[in-house]
Amino acid sequence: MKNFAHYNARSVAEATHLLAAYEGKAKLNAGGSDLIGVLKDRILPDYPEAVINIKTIPGLNTIEENDGGINIGALTKLVDIINSPLIKKNCPVLKETARTVASPQIRNVATLGGNLCQDTRCWYYRYPDGIGGMIKCFRKGGKTCHAVPGENQYHAIMGAKKCFAVCPSDTAVALTALGAVLTVAGTKGTRTLPVEEFYTPLGNMLALDEMITSVNIPKPDPAAEQAFLKFTLRKPIDFAIVSVASVITLDQGICADARIILGAVAPTPVRAHKAEEYLKGKKLSDDTAAEAAMLATVGANPLSKNIYKLEIVKTLVKRVINSGSCLS
Amino acid sequence: MITDYRYIGKPTLRKDAFDIVTGKAKFISDLTVPGMLYGKILRSPLPHALIKSINTTEAKLLPGVKAVLTYKDVPDWKAGARPQHVRVLDSKVRYVGQAVALVAAETEKIAEEAIRLIKVEYEPLPAVYDVEEAMQPDAPLIYEQFNANVLPPESRAFGPRTLQEIVIGDVDKGLAEADFVVEGTCAYENIPNPLPPETPGVIASWEGADNLTVWSASQGPHMFKVTLQPLMGGINIRSIGSPVGASYGSKYMSWQFVMPAAALSKATGKPVKLCFKKSEHLAAFTVRLGSRIHGKVGMKKDGTVTFLSGDWLVNTGAFSECAQFMIAVGCGEAQLMLRCPNWSLKPKVICTNRTASGQVRGFGGQELKCALIPLLTMAMEKANIDPVNFFKKNYVKPGDGYYWRDGEWWVCQGTDYTRAIEKGAETFGWKEKWQGWLKPTAVDGARRRGVGVGVHGNADIGEDVSEAFVRLDGDGKAIIHCSLAEHGTGQRSNICKMVAEVLQLPLERVFFTPVDSLVNPVEIGPVGSRGTYAIGNAVIAAAEDAQRQLFEKMAPLFKVTPEDLETSEGMVYVKGKPGAKLPWSKGLHYYGACLGRGRFEPDFSKPNFMIVFSEVEVDVETGKVDLIRVVCATDVGQVIDPPSLTNQLNGCLGSGGIDSALFEETIIDKRLGRIMNANMIDYKWRTFAELPEMELVVLETPVAGHRFHAIGVGEIATAPGPSAVLMAVSNAIGVRLNDYPLTPDRILNALGKVNAAKRRGKQ
């Protein structure tokens, strides 16, 4: 690693003003489970001049119930989300999702804000500088995405144009299903932003001086069935090859409302709108689940080595609808 | 025969256990030497290129930098299996990650920054990755001296008749006798990394004109005297070993990290430490050989194989570390598995532009078998033969012969493993689970179970010479002088048990000299499962010799002959007279130690054996394969240390073993020549959180030639696994699979669920 300035921010204002002062050449650090690897492997063309520790900001690690729903501070550790009775009762899909992230050691330090803001795992993007130099790609200001003609088995099958890296965050998939809204602070004040609108093809909507301070989850319908399935080669550690989160409200066996979100298939979590629309008003059965699964892949445009992900998407969508719940 | 041993066969505390678990053990990365510098390697970005220019001016000016070396100023040392063809640094690079320049600096950080200041211009050359493409006339030539990128056969490694192919009998005759003939291509080319937890590391210290001291995490440190000294101009090497954070065979040759550190030390006059990062370990160190067979097999209705012929194409990557040596052993091992009168299996070792292949446990045999067994199963399927019966019928039996690595015909004088096969099958429940070829054991919705089985064995438990001394001191202690490295298995501790048993000494009073070539006689190292039999025999002989000297010294004190004496707890007794006793000190005093000498001569007549049964569950809607249960069965003659043996057999998981059938693989982008998964998230390795159910069946049929009737099996646990899993998955999904790994994309593809027509727009 190279030298950098290090700050312990005592407030959100201090952190955002430091971000502004460094004009994009500073990185926020909470749990560090993503950033340290990025720095050690020197995957980025520009090394940050400063690292701003935000763990020292008080008050951003609480889970509270309020009128609007459940509020989770951005510095809340994944382990605390998993152990929270409030989360378990109201948003089991988030608990289940957090539980699938990495390993216990990482969940003990990794934060919700960090999980949402982590950088992509694309192996071209992450290629270590020490083995012949980092790979310049579209995401780093280059001209091409090497995954398109290359090893793209884990890459995007839909919604990508110039960079085919996928959004690695598991919690983003569950929070999108729950309709969660982020509170974002910058030097000019705070704003809110639905998780669904947070991601962009090359990253996220945060301005240079902004950070997530909290996540607000509108209280789900107690009758809604929540589910999350994550497909990986290994149970622990791995990032999703495909994941699916669902929140489905049934009224006497008929689907009243459905939110089905696909993860690791695109640069952003993807709402399977066609599948959601199809399910509304239908009685859930193997056939409707299969049809919804098929509709979830409409518009997909896979690469040379990742067509198989379509089949996994279909299977997981079918299974979240059939299993109905992650409490089982 | 004595079977009521004091230590042998009983679990004892590993002598280094507390040091390891309390962090006291000094691994190579913990060691420092006064005045030591740190080395770093600049690595090639291109798979094949000529270096047009290197500018090191800026790097040399960085404060703290002591040396920057390029191909222009390193010593002309050459390594690689013969003829030697790999220079420490060269004007041509042949794989991404190859060393281009070396830096030594006062700190690791300075060395790393200096590397970034070196400017290199390359002239890119076309690269080739596939063995058959590499042999085409228009393929890029990786070494000028190797026509069509094919390496010459080895003619010296294991003597003048070194085995380089299997040609026996008359294939045409076998063809005429066969009831079934099958032909096909099977391959094991996912080049898994053995991936010991500790990365390769060394400290090299050049002293005077031609003395080099090397501290290293090598599996066979003493071998540097044999292999490296001649390659480095006949200098004198003192090789000191550190505890090895596992090796799985891969840290044996070791010149890939020793030579660069030695060159830097020679240039600076200071000790230089060079420890690889994990990414270097994964992307620029050696992996398994790639193995592909185009073959033909003839079989009779009863499972008798009438002939086997074919081309064995071996992909060794950018150079041969010792590929031709591995072929010799692989060809020997194939014959142990198959009693076949007519062979024509012709290997070719081929260079390609990826990180090189090298020594890994299984040593050619695993790579061969993972392609050969699937080929044989094609014939078994046609003949409708149960694979367990096939292996039972065909595994080498006492009295059978085989050509071993030295090209000599050896006759098996070891164990008949029929009982181990039967006991393993019974424990696994093979009869109940086996439903026939390409038939699942059970179906539950999308989940299908399947079973498979594989075998392996080698005749290397008695390979090569071992020498050892055992010293008895007057204070009632025994010291073993032997350069056996502790490579993670507990073998040093277990050798102490053998000496404690011979001398009837408390285990705490048996000591081992440090691994140091200056102190100890020659030791090839714990390879080929030779620790128990070859090294054990040398050390036991030394202990017996020391005891004989002790009794000769002390017999006059009792006025008896040496044969009348026995010893225990550092006391000498007259047999049958418990009252007549004297401590060793009365014979040895403080100045008269006995030094016993032991030697083991090579013997390839005792094959060992491992059969692995596996049960998998395949989700046919996602393509996911789960390994549910594994049963390993073997016969070891006599267990030395039950926990060590259990660990070795459980080691069939990891180290490029059974999971190389499922997900352990090195993924190369063939446009860039780069290894994409050089990190521990993308390189899939089973974690402790999802181990399958494991059962071990260990028989103990006494073996002649060893005081405790024991043979080794440590190395061979990995090799039968991949083909067993391949068979299990094929049976589960009802589709024959002939190569690895069985990742979800390949399973769904085999099931016809990946429709290429769905791919639109992108290529």
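In this predicted model, strand 13 (residues 254-263) of chain A and strand 14 of chain A pair in the antiparallel sense, and two bridges join them. Within this part of the structure, A:Leu262 stands opposite A:Val270, which belongs to strand 14 of chain A. The two strands are part of an open sheet of four strands in chain A, whose order is 11-12-13-14 and whose pairing is antiparallel. At the edges of the sheet are strand 11 (224-231) and strand 14 (270-271) of chain A, each of which pairs on one side only.

Helices also meet this sheet. Helix 5 (residues 92-99) of chain A packs on the sheet, where it touches strand 11 and strand 12 (242-251) of chain A, and its direction makes about 15° with that of strand 11 of chain A. Helix 11 (residues 308-323) of chain A lies across strand 11, strand 12 and strand 13 of chain A, and it runs at about 30° to strand 12 of chain A.

Turning to chain B, we can follow a pair of helices. The axes of helix 11 (residues 387-394) of chain B and helix 12 (residues 418-428) of chain B come within 9 Å and cross at roughly 165°. Because angles over 145 degrees count as roughly antiparallel, helix 11 of chain B and helix 12 of chain B are roughly antiparallel to each other. In their contact, B:Val388, B:Phe391 and B:Lys392 of helix 11 of chain B meet B:Thr418, B:Ile421 and B:Ala425 of helix 12 of chain B. The residues of this contact divide into four nonpolar, one polar and one charged.

Technical notes. Residues are numbered from 1 along each chain as its sequence is written. Chains are lettered from A and ligands numbered from 1 in the order in which they are written. This is a predicted model: local features need pLDDT of at least 70, side-chain atom pairs count only at pLDDT 80 or more; totals for chains, interfaces and linings use all residues. Axes are lines fitted to C-alpha atoms, for helices over the stretch in contact, and angles run from 0 to 180 degrees between N-to-C directions. Angles under 35 degrees count as roughly parallel, over 145 as roughly antiparallel, 65 to 115 as roughly perpendicular and the rest as oblique. Two residues are in contact if their C-beta atoms, placed from the backbone, lie within 7 Å. Ala, Val, Leu, Ile, Met, Phe, Trp, Tyr, Cys and Pro count as nonpolar, Asp, Glu, Lys and Arg as charged, and the others, Gly among them, as polar. Two strands pair if DSSP finds at least two bridges between them.
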